[in-house]
Amino acid sequence: SLMILLREGIEAILIIGALLAFLTKVGAADRRRDIHLGVAAAVLLSLVTAVLLDTVFRVSPAHQEVLEGVTMLVAVVVLFYVSYWLLSKIEVKKWTSYVRDHAMQAITGGSALALASAAFLAVYREGFETVLFYKALFVSGAAGSTMPIGAGMQVAGVILAAIYVAINRYGVRLPLRPFFAVTSAYLY
């Protein structure tokens, strides 16, 4: 539980950190608000997605096993894809370059929506994966597993908040290559 949120959260923080640093570097620090609006919208939509998965997809007990199986298989496929993608792109320079290109287009075009959309898509992608993984974790967990899963989420949330502050206030650099290699191996 802790590793899922920590990994996905750090991916999102790195992308948003790159966007914010890029805005400052090109003298558009006043556009940080656009990024934060995109992040807030993505977090909100991720929570709505979680609620919808929990409420809309309630089925009869006869179909519960099928839903559990499908949810876990989809989570596994997404997990393998993301892990493979991360391992193949372990060099963050490629991803940072991609994010910068989109941010520059938004800045030069003057569109607040384009900049907020870049942040939104980066964060919602991670949020959707997280929701999917947690749904599979809750579905496959035994009775009484809700407390440990929730505890892992809370601890990860505190760690992510500390990482966000450290990166944005103090410019702390994470050892990305070892981090993503270890978490990819762990998730595999």
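Okay, some ground rules. The model is predicted, so local features need pLDDT of at least 70 and side-chain atom pairs count only at pLDDT 80 or more, while totals for chains, interfaces and linings use all residues. Residues are numbered from 1 along each chain as its sequence is written, and side-chain values use heavy atoms, with hydrogens and water left out.

Let's start with the overall layout. The protein has seven helices and zero strands, where helices are DSSP runs of H or I with at least four residues, strands are runs of E with at least two, and both are numbered from the N terminus. Along the sequence the pattern reads α-α-α-α-α-α-α. Of the 188 residues, 39% count as buried; buried means under 20% relative accessible area, exposed means over 50%, and partly exposed is in between, using a 1.4 Å probe and protein chains only. Take the contacts with a separation of 6 or more: 85% of them are between residues 24 or more positions apart. A contact, by the way, means heavy atoms within 4.5 Å.

Now, two helix lengths. The expected span is 1.5 Å times one less than the number of residues. H2 has 24 residues and reaches 35 Å from first to last C-alpha, close to the expected 34 Å. H6, residues 146–170, has 25 residues and should span 36 Å; its end C-alpha atoms are 35 Å apart, which agrees. The buried residues of H6 include Ile149, Gly152, Ala156 and Leu160.

Next, the inside. A nonpolar core is a set of buried Ala, Val, Leu, Ile, Met, Phe, Trp, Tyr and Cys residues joined through side-chain atoms within 4.5 Å. Which residues touch the most other members of the largest nonpolar core? Out of its 15 residues, they are Ile16, Leu23, Ile35, Val39, Ala119 and Val123. Helices H1 (2–25), H2 (32–55) and H5 (112–140) each supply at least two residues of this core, and H1 gives the largest share, six residues. For a close-up, pick Val39: leaving aside residues up to four places away in sequence, Val39 touches Ile16, Ala119 and Val123. There's also a second, separate core of 12 residues, with Leu5, Leu6, Ile10 and Tyr134 among them.

Stay on H2 for a moment. Its buried residues include Asp34, Gly38, Ser46 and Thr49. Why does Thr49 count as buried? Because its relative accessibility is 11%. Not counting residues up to four places away, Thr49 touches Tyr124, Phe128 and Val131.

Two of those bring us to the rings. Rings of Phe, Tyr and Trp (its six-membered ring) pair if their centres lie within 6.5 Å; planes under 30 degrees apart are stacked, over 60 edge-to-face, and the rest tilted. That rule gives two aromatic pairs. Phe120 and Tyr124 have ring centres 5.7 Å apart and planes at 5°, so that pair is stacked. Tyr124 and Phe128 make a tilted pair, at 6.2 Å centre to centre with 45° between the planes. Together, Phe120, Tyr124 and Phe128 form one aromatic cluster. Is Phe128 buried or partly exposed? Partly exposed, with a relative accessible area of 39%.
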